[in-house]
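Morning, everyone. I will take a few minutes on one model, and the sequence and structure go up first.

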Amino acid sequence: MWVSLRGSKGDPISGPLLCEKALELNEKLGGSADFKASTGWFKSRHGIRELQIEGESLSGNKTSAYKFKVTLLQQVEEEGYSRDDVYNVDETGVNWKALPRKSLASKRESTAPGFKISKERGTAMVCANAGGTHSLPLLVIRKSNMPRCFKNVSCIPTLYKLQKSAWMNSALFLMVL
């Protein structure tokens, strides 16, 4: 009943959330103290399955990645570079208010209701060399100059930059180097 109610509200339900609810109900009903919550048994008994809420999975082009790897290794060898000279920089979106993209639903439900994705995001950039001997500090890019979460914080162990869109751009990248 709880799964159906939450699903009808459009709340995504995950396996860990289901286990947490089972532990809560066990305590309220005066169940065994050594009760272990397991999603597998409950889902199969009550016909609950996991549905994709939205999105599609993308996979990289393995052939192109392999060709790039071979070309890079040849160039590194020809130029006489070491692993300490080769760096990798990557950026990733940080969506801390995003809800899960999958939800548990009863077998009677064919779809899971969608929801508007939160636009509150930031970007994080990480950089290290292939030898693992050097890395740049984590760079966090946000829209606000000083968010409330840092109100009484005097020192954060990252570089924090302001950008209207919270995206990486060439000016920010060069500032970090």
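I will go through the pocket, then the salt bridges, then the sheet.

A word on conventions. This is a predicted model, so local features need pLDDT of at least 70 and side-chain atom pairs count only at pLDDT 80 or more, while totals for chains, interfaces and linings use all residues. Residues are numbered from 1 along each chain as its sequence is written, and side-chain values use heavy atoms, with hydrogens and water left out.

Start with the pocket. On a 1 Å grid over the protein atoms alone, a pocket is an open set of points with protein on both sides within 12 Å along at least five of seven lines, and a lining residue has an atom within 4 Å of a point. Points are joined across faces, edges and corners, and the volume is the space filled by probe spheres set on them; the probe is 1.4 Å. The largest pocket comes out at about 570 Å³. It has 22 lining residues, and V3, L18, L25, F42 and H46 are the closest to its centre. Two or more lining residues come from each of α1 (2-8), α2 (15-28) and α3 (39-46). Helices here are DSSP runs of H or I with at least four residues, strands are runs of E with at least two, and both are numbered from the N terminus. The top contributor is α2, with 6 residues. By class the lining splits into 13 nonpolar, 6 polar and 3 charged residues. Charged means Asp, Glu, Lys and Arg; nonpolar means Ala, Val, Leu, Ile, Met, Phe, Trp, Tyr, Cys and Pro; the others, Gly among them, are polar.

Next, how many salt bridges does the structure hold? There are 2, counting a side-chain nitrogen of Lys or Arg within 4 Å of a carboxyl oxygen of Asp or Glu. K21 pairs with E24, with the closest N and O atoms 3.1 Å apart. These two sit 3 residues apart in helix α2, so about one helical turn separates them. E24 also bridges to K28, at 3.5 Å between the closest N and O atoms. Here the spacing in α2 is 4 residues, again about one helical turn. Shared partners therefore join K21, E24 and K28 into one network. On accessibility, buried is under 20% relative area, exposed is over 50%, and partly exposed is in between, with a 1.4 Å probe and protein chains only. K21 is buried at 18%, E24 is partly exposed at 34%, and K28 is exposed at 63%.

Last, the sheet. It is open, with 4 strands in the order β2-β4-β5-β6 and mixed pairing; strands pair if DSSP finds at least two bridges between them. β2 (87-94) and β6 (159-162) are the edge strands, each pairing on one side only. β4 (residues 122-129) and β5 (residues 139-142) run antiparallel, joined by 3 bridges, and T123 stands opposite I141 in β5. β5 and β6 are parallel over 4 bridges, with L139 opposite L159 in β6.
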